[in-house]
Amino acid sequence: MMIEIDRKLLSDLFDKAVINPRLRQNFDLRNPDDNGQRILNALMPGTIVPIHRHPQSNETVIILCGKVIEIIYDDNGNEIERVHLDPSLGNFGCVVPTGAWHSVEVLEPSVIFEAKDGKYGQDGSETLADYEDKAKTPTPSTFSNSLGDLKKNIEYIIGMECQSGNIETPTPQDIARILNVPVEEVRQCMKEMGL
């Protein structure tokens, strides 16, 4: 079935973004067998998009409506470049280089199209905060699953699912399989997190 990207679709996305606690709403444009990411992302002013990177792919960002600033950072989180995307001025998009730390500042309700190789969460994508935590922590020979680490990983996986357009929270079984930890630990942790 063909998907029409029209005013009604964008209006529906804005309606959902306004009531979403994250102040954004994704619409997945992929078919079930697609291994990339192609989404519409409705963003409201005030949404927080953590500084993150995609080490295995560049990311194409095209603005359909609104005004945003795509921001590029160095490995220390220092801003190094700002690209204003505003279709009324003829600034329609940009390509974020592979591995570049980036985020977006939303100036007015906006919808962007994002495309990259690999599914978010399965392609090595990471936030700057996770990267800095790894740099501060000595690398253990095996994966640590203390309760604090497990909570962070559950939050990360749920965030990745949302970013990829999945509006349902992954099940404890899904998370346990991804993290290779016992399902009961995940259930307990999610219960404590109120999920």
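I began at helix H5 (residues 183-192), where Arg187 and Glu184 are three residues apart and therefore separated by about one helical turn. Helices here are DSSP runs of H or I with at least four residues, strands are runs of E with at least two, and both are numbered from the N terminus.

Before going on, I noted that this is a predicted model, in which local features need pLDDT of at least 70, side-chain atom pairs count only at pLDDT 80 or more, and totals for chains, interfaces and linings use all residues. Residues are numbered from 1 along each chain as its sequence is written, and side-chain values use heavy atoms, with hydrogens and water left out.

**Entry: salt bridges**

My rule asks for a side-chain nitrogen of Lys or Arg within 4 Å of a carboxyl oxygen of Asp or Glu. Arg187 is partly exposed at 37% relative accessible area, while Glu184 is exposed at 52%. For these words, buried is under 20% relative accessible area, exposed is over 50%, and partly exposed is in between, with a 1.4 Å probe and protein chains only.

How many salt bridges are there by this rule? I got eight.

Next I looked at Lys67 and Glu108, whose side chains meet in a salt bridge at 4.0 Å, N to O. This pair links distant parts of the chain, with Lys67 in strand S4 and Glu108 in strand S7, 41 residues apart. Lys67 is partly exposed at 31%, and Glu108 is partly exposed at 32%.

I also wrote down Glu79 and Arg82, bridged at 3.1 Å, N to O. Glu79 is partly exposed at 42% relative accessibility; Arg82 is partly exposed at 35%.

**Entry: aromatic rings**

I searched the whole structure and found one aromatic pair. Why is the pair of Trp101 and Tyr131 called tilted? Their ring centres are 5.1 Å apart and their planes are at 55°, so the pair is tilted. The rule takes rings of Phe, Tyr and Trp (its six-membered ring) with centres within 6.5 Å; planes under 30 degrees apart are stacked, over 60 edge-to-face, and the rest tilted.

Trp101 is in strand S7 (residues 101-116) and Tyr131 in helix H2 (residues 128-136), 30 residues apart. Trp101 is buried at 1%, but Tyr131 is partly exposed at 26%.

**Entry: nonpolar cores**

Which residues have the most contacts inside the largest nonpolar core? I listed Leu43, Val61, Val68, Leu85, Val96 and Ile112, in a core of 13 residues. A core is a set of buried Ala, Val, Leu, Ile, Met, Phe, Trp, Tyr and Cys residues joined through side-chain atoms within 4.5 Å. Strand S4 (59-73), strand S6 (93-96) and S7 each give two or more residues to this core, and S4 has the largest share, four residues.

I then followed Val61. Leaving aside neighbours within four places in sequence, Val61 is in contact (heavy atoms within 4.5 Å) with residues including Leu85, Phe92, Val96 and Ile112. Apart from this core lies another, of 11 residues, among them Ile154, Ile158, Val186 and Met190.
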